[in-house]
Amino acid sequence: MEVQQFYYDNKIVKKFLYASILFGAIGMLVGLLLAVLFLFPNLTDGIPWLSYGRLRPLHTNAVIFAFVGNAIFAGIYYSLQRLLKARMFSDVLSKIHFWGWQIIIISAVITLPLGFTSSKEYAELEWPIDIMIALIWVIFGVNMIMTIMRRRERHLYVAIWFYIATFVTVAVLHIFNSLELPVHALKSYSVYAGVQDALVQWWYGHNAVAFFLTTPFLGLMYYYLPKAANRPIYSYRLSIIHFWSLIFLYIWAGPHHLLYSALPEWAQNLGVVFSVMLIAPSWGGMINGLLTLRGAWDKVRVDPVLKFFVVAITGYGMATFEGPMLSLKNVNAIAHFTDWIVAHVHVGALAWNGFMTFGMVYWLIPRMTKTELYSKTLANFHFWIGTLGIILYTIPLYVAGFNQHLMWKDFNPDGTLKYGNFLETVTAILPMYWMRAIGGSLYIIGMLVLVYNVYKTVRKGETIVDEYAEAPALAKISPKRIGAEGFHSWLERKPIQLTILATVVILIGGIIQIVPTIVVKSNIPTISSVKPYSPLELQGRDLYIREGCVGCHSQMIRPFRSEVERYGEYSKSGEYVYDHPFLWGSKRTGPDLMRIGGKYSDNWHFNHMYDPQSTSPNSIMPAYKWMFDNKVMDHSDIETKMRVMVKLGVPYTEEDIANARANMKAQAEQIEKNLENDPDFVKSYEESKKNAATRGEEFVPMSEREITAMIAYLQRLGTDIKVKTAEK
């Protein structure tokens, strides 16, 4: 049989690996800054691009798509070539993939701090970047599939099944969740509204965790763990059950993020059932990983790579036990909107994704540089300080989550809320936020140790070059063997059929949940009194989105006595029919704002946005002073925005659009008149006029500044239906 000679492409692996390390350090440092802002909210006072609301999506995108994403591609490019005994199909496609992905990341670094965001969690990037993500992802997929087609190894190992499922599912999720109509180059509105947008978003959001942060890492586990332990995977049959059950069940679980919300009850219940079932395949993967180490535990004591892998897989098991538990309604009622969810997410991110990546880096770099790791002592130090960081990060947040729940729901004997002031529940957990910042700092120290260790290893080793290999060409399989093999053995040598079947399996759940919610009108009962936002309110809503307010405030009152007492009547699905996008939020660092309209005066909102501590002592909300700047708010695209909304089904008339600016002016001037009821406002207003004249600037009336639009939007929230409002 002819033996063919070829070279594995190590250079592309090196590029993705270095990018992962670089962006990982940056993303984690941004996360640490966010943790510090909980403690010192005015640390970046007056700098809009360093405000919490704008930096939070930068942190999540950096660690998910830059740190973890680049690590996934590095791991896949290295393992795929060796599992298939073939070089990647196209060096050009590999390079386009690498540089295209880095351009996407840099685009996020630029646009998110500037406030260009769709506000959809883990999918905040605007439409031109969404299109680029889709194109680069397809390039990655084509390169992978064509490499599989040109392989010299007939059998497709289990890791490759997970790589294929990742490619197919992420493509489907990204495309359907990112459907939006552009207003201009960096502004768009989701084609879905309210409840439907929430369902599609969390179908995407949950499965982004499933198919970007889980399935590719399971594939990497199936390759790198046996390599590092020098043991075969524990059970091939278990890997088959694990794979198919996981990709089928995961796709249904998104609605458990929306329990007790305005989502139809049947969709919530479906999410609960499939989420609980998910524990079986998830733990099947964990068990398959840990039992692979049977007979190799002596190596774990001395090998830092295996230490990282063991804690990573254990973290995966913990997170995938906790996820189904959190989907139970009685548990979800405790945890949702609290810091428990932040702890849960970071067990997965720091332990499973972070430690798997670190172990893979420590395994790959010495092999590609043909040398020993510079310092196992430093690697072990990284492991222990990283583990301590995870513990100090997550445990205080679990405590904070339970504390929040207990305080939010605590009543006095007379039936009033014991902690009626939401701020009491914030200040009570500040010590936990200090511990979180310390834990994060330790984790980042470990990351910086890795950077140094890798640098020294690369310096002492050989230059990373393509690796020589040889393997026989793929021979035709005999008819006798074909007749003897089972279905799955046949499927494992048929990549196209495997890809098609995986696609069908992952589409079932999404179709059954999403299509009826969108098509069957009775799922979203309309309310006749709910009207579209006025032009000024629409502008204010876009400012709310720009500043990332949804990261700290929910707009969804659940049907609990404690929430109705605190915030007002529980939310109805028909109230959100004109919300493109939905803004229900997933965390309450501040109170729910669904019924904030009319609860406080315009002056209160004005002062609260300028100096939150002046109206709410001990508040950890940052100030938004740039919204008060002496400059005219840009209303040039209001007509375009309204016309886009009309295309999405919002009933603006041509008369509404033609009169938009006049209506905006009238509403803004009324807000300015309301502000003048406060003598302090009048005094400071007159002073600002004099200061503008002194500087030779044209004075801009308050009615033309951004803050007026924000006040208009906040005062509109929850006022479409007549309900009893909670006490002020």
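Close-up 1. Pro-581 is found in the loop between α22 (561-567) and α23, where helices (H or I, at least four residues) and strands (E, at least two) are DSSP runs numbered from the N terminus. The peptide bond that leads from His-580 to Pro-581 is cis, with omega near 0°. This is a predicted model, in which local features need pLDDT of at least 70 and side-chain atom pairs count only at pLDDT 80 or more, whereas totals for chains, interfaces and linings use all residues. Residues are numbered from 1 along each chain as its sequence is written, and side-chain values use heavy atoms, with hydrogens and water left out.

Close-up 2. At 29% relative accessibility, Lys-85 counts as partly exposed, a class that lies between buried (under 20% relative accessible area) and exposed (over 50%), with a 1.4 Å probe and protein chains only. Tyr-260, likewise not a glycine, has a positive phi of about 65° and is found in the loop between α8 (236-250) and α9 (265-277). The relative accessible area of Tyr-260 is 23%, and this residue is partly exposed.

Close-up 3. The structure holds 28 salt bridges, each a side-chain nitrogen of Lys or Arg within 4 Å of a carboxyl oxygen of Asp or Glu. In one of them, the side chains of Arg-87 and Asp-9 meet at 4.0 Å, N to O. Because Arg-87 lies in the loop between α2 and α3, while Asp-9 lies in the loop between β1 (3-8) and α1 (10-39), the pair ties together parts that are 78 residues apart in sequence. Arg-87 is partly exposed, with a relative accessible area of 23%, whereas Asp-9 is buried, with a value of 5%.

Close-up 4. Lys-641 forms a salt bridge with Asp-542, and the closest N and O atoms of the two are 2.7 Å apart. The pair links distant parts of the chain, since Lys-641 sits in helix α25 (residues 638-647) and Asp-542 in helix α21 (residues 535-546), 99 residues apart. Lys-641 is buried, and Asp-542 is buried as well. Asp-592 and Arg-588 also meet through their side chains in a salt bridge, at 3.5 Å from N to O, and both of these residues are buried. Elsewhere, salt bridges that share partners join Asp-9, Arg-87, Asp-91 and Asp-466 into one network.

**Close-up 5. A nonpolar surface patch with residues from α4 and α20.** Phe-89, Val-138, Val-142, Met-146, Met-149, Ile-496, Ile-500, Val-504, Ile-508 and Ile-512 make a nonpolar surface patch of about 780 Å². Two or more residues are given to this patch by each of α4 (127-149) and α20 (495-519), and the largest share, 5 residues, comes from α20. Patches are made of residues with over 30% relative accessible area and no salt bridge, like charges being joined within 9 Å and nonpolar side chains (Val, Leu, Ile, Met, Phe, Trp, Tyr) within 5 Å; accessible areas come from the Shrake-Rupley method with a 1.4 Å probe. The place of Phe-89 is in the loop between α2 (52-84) and α3 (91-111), and this residue is partly exposed, with a relative accessible area of 30%.

Close-up 6. The axes of helix α23 (residues 602-610) and helix α29 (residues 706-716) come within 10 Å and cross at roughly 125°, the axes being lines fitted to C-alpha atoms over the stretch in contact, with angles from 0 to 180 degrees between N-to-C directions. α23 and α29 are therefore oblique to each other, the class left over when angles under 35 degrees count as roughly parallel, over 145 as roughly antiparallel and 65 to 115 as roughly perpendicular. The crossing of α5 and α6 is left-handed.

**Close-up 7. Ile-131 and Ser-178, a pair separated in sequence.** Ile-131 has its place in helix α4 and is partly exposed, with a relative accessible area of 45%. Ile-131 and Ser-178 are 47 residues apart in sequence, and their C-alpha atoms are 8.8 Å apart in space.

Key:
Left-handed = near helix turned anticlockwise from the far one by under 90°.
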